[in-house]
Every structure is written in C-alpha cells, then in structure tokens.
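I opened my notebook to write down what I look up in this model. I will take one topic at a time.

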Amino acid sequence: MEKFQLYIDGEFCDAEGGASFNSCDPSTDEPWAVMPAATMGDTDRAVKAAWAAFCEGEWPSLTATQRGKYLSKLADLVVRDAQIMAELETRDTGKIIRETSGMTAYASEYFRYYAGLADKIEGSTFQADKPTLEVFTKREPLGVVAAVVPWNSQLFLTAVKLGPALAAGNTVVLKASEDGPAPILHFAKLVHETGFPKGVVNIITGYGPECGAVLTAHSLVSRVAFTGGPETAKHVVRNSAENFALTTLELGGKSPVIVFPDANLESAANGVIAGIFGGTGQSCVAGSRLLLHNDIHDDFVARLAERAPKIKIGPPLDTKTEVGPLATKRQKDNIESIIADSVAAGATIVTGGGTPSGFNTGNYLEPTIISAPSPDVRCVAEECFGPVLSVLKFNDEDEAIRLANDTRYGFASGIFTSNITRAHRMIRKLRCGIVWVNTYRVVSPVVPFGGNKLTGHGREGGMDTVLDYTRTKSVWINTSDEPMADPFVMR
Ligand code: NAD
C-alpha cells in the first residue's frame, strides 16, 4: 500500500507514535493507502511552527511582491502535477477523473490570481478633524490561519484559502479530511518544492474531533477558514470561543433550479443534469431541487427520465465514466435512508433509487429523480450530497420564489428563462449567495463564492477575500513642531 506523511515545520514526518489509518478506494471498498493520523501533539506542533514562522525568520520580512512570487511558483507546480493529484483524488474519493483533471489544473488559476493580488493590498489615508495630525491605516496579516477542508474538491477549496491567506502574509496549518486526503498530502510536496520558509505552510490530516478540534480551538490561531457540513461547523464556531478567531464557514446546500416554459428546454435539461449529476452530485452547489412550471412539468420530467438512465456509470479512473461511486459507504447508507423515508412520505421515484446492476462492490448509486409531493419530505429538505434530484411544481413566479427560498440553506440558485426582466425580478428575491441564469455550476477566481443561512457566512474568491485575511492598524502622526501640551495644566 502507498504511504503518505504529514508536513510540519518544513519536514515530512509520520504522526506521533506512528498513528495512522487506511484509506479505501470507493470503487472497490479495498484499502489502498496508509495515511498519518495527526494527534493532538502533532497539531499543536504544526500551529506552533506556523506561529514561529509568522513572528520571525524570513517570511515576515518579505515584500508583498516576493510573497506573490512564491504563490506564482506554487501555481506552476500545481499545473505540472495536476494529473498526478487528479489521479490521487479520484483513487481516494471516487470523484471521476474527468472532473478531478479539470478542477485540479484550474486550482492553479486561484493561486495565480492571489499571487497577483499580494502587492495590491492597500491601506487608507484620512482627513481627520485634527489639523496637525496625519492619519492612515496599514493592512496587516492576522497570524496563523487554520484551513479545514472536506474531501470533495479539495485542491480547489485549499487554493481559495491558502491563496489569500499567504498573499496577505499569514502562515497556515491546513487540515485535509480523513476521507481521501491523498491529493493534499501530495500537494505538500509542491509546497516544499516551492521553497516557502519552514513553518509557513503546514499540512496535516487526521480525525476531526482530535486534530480538527485542537486546531480550530488553538490559542495561537487567529483565523479559521472552514468548509464542511453544518453540524461540524457548529463545533468550529464553539471552538472559536476559545481563541475569538475570525471564521468563515462554507457549508452545504439544497440549491433550486427553476425552469420556466419560455426557456430553451434543451439547454435547461443540460443545466439540470450538469447541476445534479456532475461530480456524482457530491457538490456543495448541486442543483438538487428542480422547480418546474406546471405547463412543462410532465414533458420536462419525461425528458430527464429518458436521459438519466443513459448516463455512463463506471470506475472513476475511466475517462468515459460520467457518474462514479460515492466517496464513502456511510454516505451511500445515508442517501438510501433519505430515499426510503421520502417514498414512505409519498414521494415517487421517477428513475434510479438503487444500486446500479453490476456494481455490487463500491459505493455506487444510480442517478435518481424523485417526484416530491411537498417541500417537507426529506429528499427536498435535506442535503443528500449525491446524484439525487427532487422535483416540485409551481404555477407562477411568486410560488417559484416561495419554494426556492423554503430551505434552511442559501447557497446557489439556477434560473432558466428567456425573459430578462423576469430573471432580474427573481434575482432580487432569491435568498442565496450565487444566482446562475441560463447556466449552472460556473466558478472563477475573480468572483466571490459562498452562501447564506445554514450555508454559512463569508465568501471565498474575488478581491475582497484577501482583505478578510488582514486587519487594519490605525496610525496617528503629529506633524506639529510644537511640543505636546502638559495634559494637567488648564489653559
Ligand atoms: P465534514 O463537516 O464531516 O468534515 C469537514 C472537515 O471538518 C474534515 O476535515 C473533518 O475532519 C473536519 N472536522 C470534523 N469534526 C471536526 C471538529 N470537531 N472540529 C474541527 N474540524 C472537524 O464534511 P464532509 O462530509 O467531509 O464534506 C461534506 C460537506 O461539505 C457537505 O455538507 C458539503 O456541502 C460541504 N461542502 C461545502 C463546500 C462549500 O464551498 N460551501 C464545498 C465542498 C463541500
């Protein structure tokens, strides 16, 4: 079996006492690699190394332009090793190679974007109401950033955290998920090759309640950038009461895709399929609730029901595969229980719903479409994080908005219509962080990404993010040659 290591204070190492766990290939359920399980002691050591690198040595004395050059070099190395990391991610999480190849290479664009922003972080000057005083602010890094990522889209989620954190001059401890950490542990080699001063980037993996909890509650951590599920996020928020760390939370979603009769229906069907079956539905922005106007409901569902069974299910490393296995057995069991409860509550399976024939080993699930009687059945209300689409009907724009906003989440929404005024009315009323009109699941480093409500708070991507990794220092300079007056002498 392959063996991976932690990366702490510029060195590769095993976890204390050799603590480790096996990673399983989700397409076979067989162990294929041994991963280090960072202990509380390893995590503490990583944070202390990051704090030392923040306070002394080369990193704090670099110019912002020099920091940017490190990120540019890292971007080049990500491009060089993109295929290696894509294959590791596919092997370790079951995400199909078509997706991991594209996304891993594209993650380099995020590092490049933040490389360019490093020396564009600016303070302000002020017209203060004190005539002899010059007043300005400087933007300074926060300190040690704890970046915690889940198992899906790991390099992308790493880039949106490390890019702005390092551009702004912070140091980082990155915790990869205990499910599928292989690509991030390879990424540690690229960090090392880039030549960052030791301790600037530390990369660990291990169990959440042990190393995740110690990391996010650590007294030397100033900022937590967390992506994962809402229940875990509640622990992270409680942990931040220990260190008052600034926190961004990028959590789950139950995003609606709304299709009106005036839409190009072929394009809308492609958007819906891409939104829910792309990435095997294991995407935080999955378009998992389809809202169809009454006039097109039956025909549109029939169109999808014809397409879904033709999607090619297969081993994730096969470039022809369109839907692969789910990342863990735990996840498959959870989705099957959501489907069973929904059917018991009156939902109808239009297509799919079970294990595809010939795929009895591994965590495979058929692309599934469920017609739901109301918004409160589990398949509509809960994030499945798999290839499961729930369909509801609406009569007019107001009802579409009501249904779209009737969720505890607030990540993305899709609208398919050829009526631009309607699109603008809908955009105004949708309570979410992203709206895609006549498209779906598009991202770019230059555009903020994130959501509202249970999807969390804060944004990743875009120029403002880099400021989220800084704080201001206000500076007051007295320009008068007059000595300061004695404060205790009345005039
Ligand atoms: P998860 O919440 O189980 O785990 C996420 C990370 O948190 C892991 O690294 C885990 O080890 C760590 N963790 C667990 N317990 C912890 C604790 N007590 N303290 C600190 N860290 C702890 O999530 P998952 O199952 O790996 O990922 C799926 C979830 O992530 C879904 O809800 C999905 O929607 C969400 N997600 C969101 C985005 C986004 O950008 N908003 C992107 C991808 C995934």
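**Entry 1: Pro315.** I started with Pro315, which counts as partly exposed at 42% relative accessibility. I keep in mind that the model is predicted. Pro315 sits in the loop between H10 and helix H11 (329–344). I then looked up its contacts, leaving out residues up to four places away in sequence. Pro315 touches Thr321 and Tyr364. I also checked a distance along this stretch. Pro315 and Pro325 are 10 residues apart along the chain, and their C-alpha atoms are separated by 7.5 Å.

**Entry 2: Asn363.** Is Asn363 buried or exposed? I found a relative accessible area of 2%, so Asn363 is buried, since buried means under 20%. Asn363 lies in the loop between E15 and E16. Apart from neighbours within four places in sequence, I listed its contacts. They include Pro26 and Asp29. Pro325, Leu326, Ala327, Thr328, Lys329 and Lys332 are also in contact with Asn363.

**Entry 3: the seven-strand sheet.** I followed an open sheet of seven strands. Its order is E15-E16-E17-E14-E13-E19-E20, and its pairing is mixed. Which strands are at the edges? They are strand E15 (348–351) and strand E20 (434–437), and each pairs on one side only. Neighbouring strands of this sheet are turned by 25° against each other on average, with direction ignored. I reminded myself that strands of a sheet pair through backbone hydrogen bonds, either parallel or antiparallel. Strand E19 (residues 412–416) and E20 pair in the parallel sense, over four bridges.

**Entry 4: helix H10.** What does helix H10 (residues 294–307) lie across? I noted strand E13 (256–259), strand E14 (289–293), E15, strand E16 (368–371) and strand E17 (388–394). H10 runs at about 130° to E14.

**Entry 5: helix H7.** I looked up the buried residues of helix H7 (residues 208–217). They are Cys211, Gly212, Leu215 and Thr216. Why are they on the same side of H7? They cover an arc of only 120° around the axis, which puts them there. I then asked what these buried residues pack against. The helices are H1 (40–55) and H8 (230–243). The strands are E8 (144–148), E9 (171–176), E10 (201–205) and E11 (221–227).

**Entry 6: two domains.** The domain assignment gives domain 1 (2–251 + 455–475) and domain 2 (256–437). Their C-alpha centres lie 31 Å apart. I found 22 residues of domain 1 in contact with 30 residues of domain 2. The area buried between the two domains is about 2,000 Å². Carbon and sulfur atoms give 56% of that area. In domain 1, Ile96, Trp151 and Thr455 lose the most area to domain 2. Together they make up 27% of what that side buries.

**Entry 7: positive phi.** Most residues other than glycine have a negative phi. I noted two residues with a positive one. Asp9 is not a glycine, yet its phi is about 55°. Asp9 lies in the loop between strand E2 (6–8) and strand E3 (11–13). Asp9 is partly exposed, with a relative accessible area of 27%. Ser153 has a phi near 50°, again positive and again not a glycine. Ser153 lies in the loop between E8 and helix H5 (154–167). At 13% relative accessibility, Ser153 counts as buried.

Note on methods: Residues numbered from 1 in each chain as written. Predicted model: local features only at pLDDT ≥ 70, side-chain atom pairs only at ≥ 80, totals over all residues. Heavy atoms only, no water. Buried < 20%, exposed > 50% of the residue type's maximum accessible area, 1.4 Å probe, protein only. Arc of directions from axis to C-beta. Contact = heavy atoms within 4.5 Å. Pairing = 2+ DSSP bridges. Axes fitted to C-alpha atoms, helices over the stretch in contact; angles between N-to-C directions. Domains from an automatic or database assignment. Buried area = accessible area lost by both parts, 1.4 Å probe.
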